[in-house]
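I opened the model to see how its chains are built and where a few residues sit. My entries follow in the order in which I looked things up.

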Amino acid sequence: MKRSLPATILLLIFIFALLAAPALLPEFHVTLLNYIGLYAIVTLGLVMLTGVGGLTSFGQAAFAGLGAYTTAYLTTVHGVSPWLTLPAGLLVTAIVALSLGLVTLRLSGHFLPLGTIAWGISLYYLFGNLAVLGGHTGISGVPPLHILDVELRSGRDFFYLIWAILLGLILATRNLLDSREGRAIRALKGGSVMAEAMGVNTPRSKIVVFAVAALYAAVSGWLYAHLQRFVNPTPFSLTQGIEYLFMAVVGGVSHVWGAILGAGLITVLKQWLQDWLPRLMGESGNFEMIVFGLLMILVLHRARDGVWPMLQRFWPQEVRRARAEGVPRLAKRPLPEPGSVLLEVTDASKCFGGLVANDRVSFRVRAGEIMALIGPNGAGKSTMFNGISGVDPLTSGRVSFRGQRVESLPARRIARLGMSRTFQHVRLLPAMSVIENVAIGAHLRGRKSFVAAACRTDRDEDARLLHEAAVQIERCGLRDQMYEPAGNLPLGRQRLVEIARALAADPCLLLLDEPAAGLRYTEKQALAELLRRLRVEGMGILLVEHDMEFVMGLADHVVVMDFGRKLAAGLPEEIQRNPTVVEAYLGGVE
Amino acid sequence: MAEERSVVLEVRDLSVSYGKVEALHGLSLRVHRGEIVTVIGPNGAGKTTLLSALIGLLPLRGDLVYLGERQSAGRTVEQLVRQGMTLVPEKRELFADMSVADNLLLGAFDRYRAGHRDQLETIDHVFDVFPRLMERREQMAGTLSGGERQMLAMGRALMAKPRLLLLDEPSLGLAPLVIREIFRTIAHLRSIGVAMLLVEQNARAALQVADYAYVLETGSIALEGPSGSLASDPRVIESYLGLGGRH
Amino acid sequence: MDLQIALLLGQDGVTNGAIYALLALALVLVFAVTRVIFIPQGEFVAFGALTLASLQAGKLPGTVWLLLAMGTVIALIEGATAVRAHRFRRLPLILLLNCGAPLLLAASLLAVSPAGLPLPLQVLLTLMLVVPLAPMLYRLAYQPVAEASVLALLIVSVAVHVTLTGLGLVFFGAEGSRTPAFTDVSFEVGDAVLHGQTVLVIVASILLIVALYFFFERTLYGKALRATAMNRTGARLMGISGDLAGLLSFTLAGAIGAFSGVLISPITTIYYDSGFLIGLKGFVGAIIGGLASYPLAAAGAVLVGLLEAYSSFWASAFKEVIVFTLIIPVLLWRSLKTRHVEEA
């Protein structure tokens, strides 16, 4: 992401301030900054997991504990070098995170945080009760870190290491989020169905982001163990896990810099409260938690996005733009022979409980043909779309797409074969720009993965993906709104964004669910023109639409549905004259 | 309708937005006592949005005068229900795991709270209007057929003894015979003095039963007039009554 | 382990399990009606037990101050709203309900010495002090964000839990309390001794569950709560406001929590922060029921109680580890059973 000049200056000032900090500040403040850094590393993982990916965890402290205990145990008992215990700790954390993730991530949203609470407690008691880990007293005598021959003994020595790692991780996280896989992660929050239909393997994205957040925590735990030189269970308790989440929410849960801000605010506030409250109360105890709790409730009531967005308003934001020149186009999929059968639906049925939404419907769509599926509201057209595209599989019946049976494949596999769709209820990510939304459609046309994205070796490919998105946006007549947040467009235009996104997938069959609803007359004409061009290029199009003028002027074939059944099929003129159809449409009121 | 023309609902310059997107712009409409007013229009024109905003499920801008009283911006669904406005939603929103009788009983929840313990009389009246519900009274609402569900949704709304009934696509997903029955009931309700705002895709049926009609297109009113004259308006015939343009 | 120990442990397990079951039911209820995952449920248990202990020790329980403070804040908020809407006639009622009633309660606590009162009256006072905190919490912490996502509400819950635990420390100190047994009766069943206290807990739990069943099946308000749980929009359209349902379900949950605290107080020593773990064990039960099924949740909770009792015998240090690790196979089982469909 290109940054504006003021933002760059602020960043430079921040880095210089950090460089100078250990030389200028007293020991106590350096220690405080060290802790802020350590907390921010864990919080950064949470930002990615919770703020961006929409998955809430209270158990991050336990993952930090895994990193800390692994190194403490291996270095003190087996004398292993700390530089080897880091990968070992990461490995242990990854194994635990993957197994926990596999169990909970399939469930709906709130089971994950409840699970994290449970294993947060369970791991805490495990640390505290295993004799090999020193029980509640913990493990002392953890050796200091060495970099080359320099021994990092004091907080000042550690400062640069912690903050270098933190800034490195922030950079990697920002890079990752601004990439193909990053857009898929950003779609997890409220856009999973859409992402799956665009070919994103959302369970994989979830588990990756969950594991990455756990690994960040493990890194922090490893640093902590060697900074403190001893570990005990307390800093890895559920209370600390809750505090991490508070840091993320206060700082700004969907902003990477919010991690540092939140960690800083909460840590400083805690320090201050711990000085003051016991004096006020006349005794000691975790009184600061009362204030934190109230603060949290207030933040959630009044400023759910946290503090960072409030600061961010003071400098201009720049959206990433597509490179216009010198970008080679993505390879296109060879389209099937015009006239050949693309999609064949046979006896498709779908039941919801006792309600039969689709009842043995059969039809075909050929390459280079526009087929319209019409029928009164509630006739089962959208259900049919969901069945064909794998979003909500059929109860029975066959769907074959390009000669392959697809009725039991997940949506993402069907998308891979070259079917792409739009949704009747627009499914865009409203805060993301139009071009980034459309780029999700091109997900399957890139290959570079997480590591490449974090290290920026994916730039050429990503430029091509964005260029492709830009081309499709222009095609749909949305050039002027390319860099606007998708949620700011009128509903009709949001439907056009959906079409651009579907086209970015380079499909050979396009499923459009009410594309013309909410469009003005001229926009409808432009859309019809676009669909005619696509037909000439050899694409097959299956269309659900209520605007009869639009349908009859455009479609080659029409299938009429009523009460889940196929009522009639034929050429547009035949359908218009069909008495059964007329009856169904007019409701037969005398 | 010459004898009694008191206005039940009057909306002036109403706009509704989802986030930054405006879905309805500057609508004005009126419903008189004992009158059926229909709003027809294509999918995506904002018909359901209109009803949701009127009943207070969505925030709106503009003037809303109900029973001669200007409604504040902070009005809630519950307040409007208390004042006799009731919505039969497009999705019916029944309590699926409860019996038909319990669904009806809850329709009178607000009146019960206000101290009117006469639900039994009302329930008999609802059973008069929908004898089928009487037969099904012990059955779970989730097991009813599509037409019965619509009857239950309407019956439940009648339990509140509404002064203005908002009907969202009552014909949706129903067989022609059932639609006929539903529309007969709608006409009957008018005869007992319930004012209705009827949103329909089934333009022909709606225009037949209604006194006055509005045509909604992309969030604003394109046409309005007495139903009879709209039903013979060529633009309406072309777009909504026939099967599209005759080329 | 011989049979006698097994029976003894089983007795412990069922007793605790009955308490967990009550909490699990409350959790399912609150979640179904309001979508709030009510983490602070456990604090009501602790507050109930500790308030009773304070009353019996002749001390003024700290919960009085919380009741007064929250009542005042609510009165201020509601009062401001009423004044802005020019509805001055509502002011006396607002003041009476939120400030008057708590003040009256506080005054009566000062006037009589609760330590000398008979047990049922002490329990009644405890409930009067603790239960109203639940709807007040709903009003202050949840109602303003009632339409937020489940996850945002969960974070609010955790924040409320943290605050209440901190306040518990202020009110009751770090030392635990245990009230004397309600009854010294015990029965001989074969070789084993059945304690009257155990029987009391189980009978009281069952009675409460039956009462809840009647409330939900037979009363209009109970049906209204179920309706809200089934279909929020549908219920609102009938004039059943989400706030009403929220206040009602929180009141029930608070009552169940405080009553559980009273029941458990002679059995275990309760500390200011004990409630959390107790509540979470109810949660494990509730999750077994998928946060939806009442009978499954209750059965799951009893299972948790038994597991806890037996694991405390075999591996007492790992008791909590075992109980909370149980959630993993449960979640696995749930994940194999359900197919999650995202809401639009």
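**Entry 1: a residue in a helix.** I began with C:Ile328 and found it in helix H15 (residues 327–337) of chain C. Helices here are DSSP runs of H or I with at least four residues, strands are runs of E with at least two, and both are numbered from the N terminus. I then listed what C:Ile328 touches, not counting residues up to four places away in sequence: A:Leu100, A:Val103 and A:Trp119. Contact means heavy atoms within 4.5 Å. I also checked C:Ile328 against C:Pro120, which is 208 residues apart from it along the chain; their C-alpha atoms are separated by 41 Å.

**Entry 2: ground rules.** I noted that this is a predicted model, in which local features need pLDDT of at least 70 and side-chain atom pairs count only at pLDDT 80 or more, while totals for chains, interfaces and linings use all residues. Residues are numbered from 1 along each chain as its sequence is written, chains are lettered from A and ligands numbered from 1 in the order in which they are written, and side-chain values use heavy atoms, with hydrogens and water left out.

**Entry 3: chain C as a whole.** I looked up 15 helices and two strands for chain C. Its C-alpha atoms fill a box of roughly 75 × 55 × 35 Å along the principal axes.

Of the 344 residues in chain C, 55% are buried. Buried means under 20% relative accessible area, exposed means over 50%, and partly exposed lies in between, with a 1.4 Å probe and protein chains only. Among contacts in chain C with a separation of 6 or more, 76% come from residues 24 or more positions apart.

Chain C exposes about 13,900 Å², and carbon and sulfur atoms supply 69% of that area. The areas come from the Shrake-Rupley method with a 1.4 Å probe; for residues, only the protein chains shown count as cover. I found 18 positive and 16 negative side chains in chain C, with the centres of the two sets 16 Å apart. Lys and Arg count as positive and Asp and Glu as negative, while His and the chain ends are not counted. The place of a charge is NZ of Lys, CZ of Arg, CG of Asp or CD of Glu.

**Entry 4: domains of chain C.** The domain assignment gives domain 1 (3–52 + 128–337) and domain 2 (59–112) for chain C. Such bounds come from an automatic or database domain assignment. The contact between them takes 14 residues from domain 1 of chain C and 15 residues from domain 2 of chain C. Their C-alpha centres lie 27 Å apart.

**Entry 5: two loop residues.** C:Ile240 is in the loop between H10 and H11 of chain C. It counts as buried, at 2% relative accessibility. Leaving aside neighbours within four places in sequence, I found C:Ile240 in contact with residues including B:Glu78, B:Leu106, C:Ala224 and C:Ala227.

C:Pro266 is in the loop between H11 and helix H12 (274–288) of chain C. Is C:Pro266 buried or exposed? It is buried, with a relative accessible area of 9%. Beyond four places in sequence, its contacts include C:Arg178, C:Phe182 and C:Gln197. C:Pro266 and C:Phe47 are 219 residues apart in sequence and 14 Å apart in space, C-alpha to C-alpha.

**Entry 6: chain A.** Chain A has 23 helices and 14 strands. I read that 60% of its 590 residues count as buried. Chain A has 56 positive and 46 negative side chains, and the centres of the two sets lie 3 Å apart.
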